[in-house]
Amino acid sequence: MINLFISLSIKLFFLLTPFFVLTVFLSMTEQMTKSEQRKVAIRTTMAVMIICLVLYFAGNPIFSTLGITLDGFRIGAGSLLFLSAVSLVSGKRSSQEAAPDVDFAVVPLAIPITVGPATIGTLLILGAELGGATERAVGAGALVCSCLCVGILLRSARPLKKLLGSVGLSVMTKITGLVLSAMAAQIVFTGIRNFLA
């Protein structure tokens, strides 16, 4: 179970595209004081955690209600995740503008920048494929751990920017994209293999 927890925590951490989120967070909060920036980081982390946990536990009810097979959804969500990975590697992923009447820590920082369509699909799959109460609890714990790690990155945004610089953040974002592309391929291949079997 410890291996499962560590494996899921790493996968989920990369799934949340932390370094791209950090870049957008820095650009949206550059005029803020340090304390204001930290408050935004906390609100974003809480929003991401709540959204992710709801999606994680909603997988099976959504699939049964819509009559979608898990393997069919794997192929669709994996393809979407691959497109998200390509946009990270190519540097063409857009950072959306914040609406004036909405808390930008929630929209667009939490959703759709941190929890985008590809992340939503992958979380639904993960929640549906983990069998048994113990595995689901481990998955939920790993998800919370990943969200907290992203929150720590956001709270340490300014020191990290000084340490890594713009080039360093760009490189880490591209590495995240490469990891996501491998995850996407695995999800699609699993769906196709199970579908053909």
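## Salt bridges, core and surface of a predicted model

E129 has a relative accessible area of 39% and is therefore partly exposed; that class lies between buried, under 20%, and exposed, over 50%, with a 1.4 Å probe and protein chains only. This is a predicted model, in which local features need pLDDT of at least 70 and side-chain atom pairs count only at pLDDT 80 or more, while totals for chains, interfaces and linings use all residues. Residues are numbered from 1 along each chain as its sequence is written, and side-chain values use heavy atoms, without hydrogens and water.

**Salt bridges**

A salt bridge here is a side-chain nitrogen of Lys or Arg within 4 Å of a carboxyl oxygen of Asp or Glu. The count by this rule is 3.

| Pair | N to O distance |
|---|---|
| R74 and E129 | 2.6 Å |
| D71 and R74 | 2.5 Å |
| D103 and R43 | 2.8 Å |

R74 and E129 form a salt bridge. Because R74 lies in helix 4 and E129 in helix 6, this pair ties together parts 55 residues apart in sequence. Shared partners join D71, R74 and E129 into one network of salt bridges. D71 and R74 both belong to helix 4 and sit 3 residues apart, about one turn of the helix. D71 is buried at 17% relative accessibility, and R74 is buried at 9%.

The remaining bridge to describe is that of D103 with R43. D103 lies in the loop between helix 4 and helix 5, and R43 lies in helix 3, 60 residues away. Helices are DSSP runs of H or I with at least four residues, numbered from the N terminus.

**Nonpolar core**

A nonpolar core is a set of buried Ala, Val, Leu, Ile, Met, Phe, Trp, Tyr and Cys residues joined through side-chain atoms within 4.5 Å. The largest one has 54 residues, and L12, C52 and L81 touch the most other members. Helix 3 supplies the largest share of this core, 10 residues.

**Aromatic pairs**

Rings of Phe, Tyr and Trp (its six-membered ring) pair if their centres lie within 6.5 Å; planes under 30 degrees apart are stacked, over 60 edge-to-face, and the rest tilted. This rule gives 4 aromatic pairs. Y56 and F57 are an edge-to-face pair, because their ring centres are 4.9 Å apart and their planes stand at 80°. Y56 is buried at 0% relative accessible area, whereas F57 is partly exposed at 43%. F13, F14 and F19 make up one aromatic cluster.

Key. Helices (H or I, at least four residues) and strands (E, at least two) are DSSP runs, numbered from the N terminus.
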